[in-house]
Amino acid sequence: MPPATVDLCGIELAHPIINASGTFDVIAARRVFGDALDERFPFAAYVSKTVTVAPREGNPPPRLWELPAGLLNSIGLPNKGRRGYLAEDLPELAALPVPLIVNVMGFSRAEVGELVTAFALRDEVAGLELNVSCPNVETGMVMGADPDEVSRLLAAVRPLTEKPLIVKLTPNAGDVAAVARAAQDAGASAVSLINTVRGMALSPGSREPWLGGGTGGVSGPAVRAVALAQVYAVGGVVSIPIIAMGGVQSGADALELIRAGADVVAVGTESFRDPAAGTRIAAELAALRTSPALTRGD
Ligand code: RRO
């Protein structure tokens with residue numbers, strides 16, 4: 001029998017299904033579903049969309065392009081910035097019935113440090129997820145694409161908090177397992193993967209990029225095999241918990257990522273189609289894991 005609860009680096013989860021950052025807007029969902037959202041919250045923890053130090057407008061539209069088996073996005077981090085988030089969003093998110101993990105991104109190590117310090121002081125925040133998919137303006141390198149960049153980032157921010165620090169790995173790295181290992185060695189509490197895979201769409205009949213941001217990130221079933229390969233590779237080299245995501249649409253998809261090495265599974269693009277997908281996938285996973293015929297080898 002699988003355990004009733006999951007220990008995610010000290011954060012207790014009622015089941016192993018959480019949301020992928022940026023794919024479930026709790027504040028908008030509460031406007032639509034009211035109290036029913038809290039009564040039947042679809043995830044065992046809530047991961048916020050990415051917060052940056054300064055407010056951002058995000059990328060010019062169009063920001064989305066539908067693919068045959070997924071979604072291409074170039075949202076560009078629209079958010080209220082640290083101060084706006086703390087004042088306006090955090091009180092509402094703190095009232096959720098599940099632990100809150102805040103996803104942060106900085107354009108330098110100092111900026112990430114500023115964000116970690118700000119959230120380290122807040123009891124409402126169970127843990128932080130570091131989105132390392134953006135370029136470090138000091139080096140020009142995508143922080144999460146290079147093991148040394150990730151080591152230096154963790155060396156700078158690990159001492160700033162005792163809260164769990166989850167490193168959200170980018171799949172657009174030469175050797176994601178080496179990056180994960182560097183994160184673990186420098187004090188990461190967990191890793192999460194995959195973020196979206198770089199992709200592009202052209203405006204129909206032209207050579208112009210469709211997305212206002214030029215290129216974007218591919219998510220959904222189109223990337224599930226990529227996620228599986230990367231989770232499998234990372235699972236072979238780290239002992240810290242792994243949060244896996246990438247095209248999960250069912251309990252069977254979640255179970256496959258757990259077999260590949262994941263401890264927790266996040267649902268992203270599927271929640272756009274069905275806001276209650278997290279509840280359904282958690283129930284399907286539990287049924288699969290308690291069925292004696294199907295659990296051999298798990
Ligand atoms: O905001 C975005 O366009 C975005 C981010 Br920060 C990310 O980490 N992954 C993604 O697919 N889009």
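Modeller: Helices here are DSSP runs of H or I with at least four residues, strands are E runs of at least two, and both are numbered from the N terminus. This is a predicted model, where local features need pLDDT of at least 70, side-chain atom pairs count only at pLDDT 80 or more, and totals for chains, interfaces and linings use all residues. Residues are numbered from 1 along each chain as its sequence is written, and side-chain values use heavy atoms, with hydrogens and water left out.

Colleague: What makes a crossing left-handed?

Modeller: The near helix is turned anticlockwise from the far one by less than a right angle; clockwise makes it right-handed.

Colleague: What about α5 and α6, how do they cross?

Modeller: The axes of α5 (residues 147-157) and α6 (residues 176-185) cross at roughly 20° and come within 8 Å. That makes α5 roughly parallel to α6. Here the crossing is right-handed.

Colleague: Which residues are around the ligand?

Modeller: Among them are Asn 73, Gly 76, Asn 195 and Thr 196; to count, a residue needs a heavy atom within 4 Å.

Colleague: What is the class make-up of that shell?

Modeller: Two nonpolar, six polar and no charged residues. Ala, Val, Leu, Ile, Met, Phe, Trp, Tyr, Cys and Pro count as nonpolar, Asp, Glu, Lys and Arg as charged, and the others, Gly among them, as polar.

Colleague: How far is a polar side-chain atom of Thr 196 from a ligand oxygen?

Modeller: It lies 2.7 Å away, and a polar contact is a pair of N or O atoms within 3.5 Å, so this one qualifies. A ligand nitrogen is also 2.9 Å from an N or O atom in the side chain of Asn 195.

Colleague: Where are the cis peptide bonds?

Modeller: One joins Pro 61 and Pro 62, with omega about -5°. Another joins Leu 193 and Ile 194, with omega about 10°.

Notes:
A polar contact is a pair of N or O atoms within 3.5 Å; within protein, one must be able to donate a hydrogen and the other to accept it, and residues adjacent in sequence count only if both atoms are side-chain atoms. Axes are lines fitted to C-alpha atoms, for helices over the stretch in contact, and angles run from 0 to 180 degrees between N-to-C directions. Angles under 35 degrees count as roughly parallel, over 145 as roughly antiparallel, 65 to 115 as roughly perpendicular and the rest as oblique.
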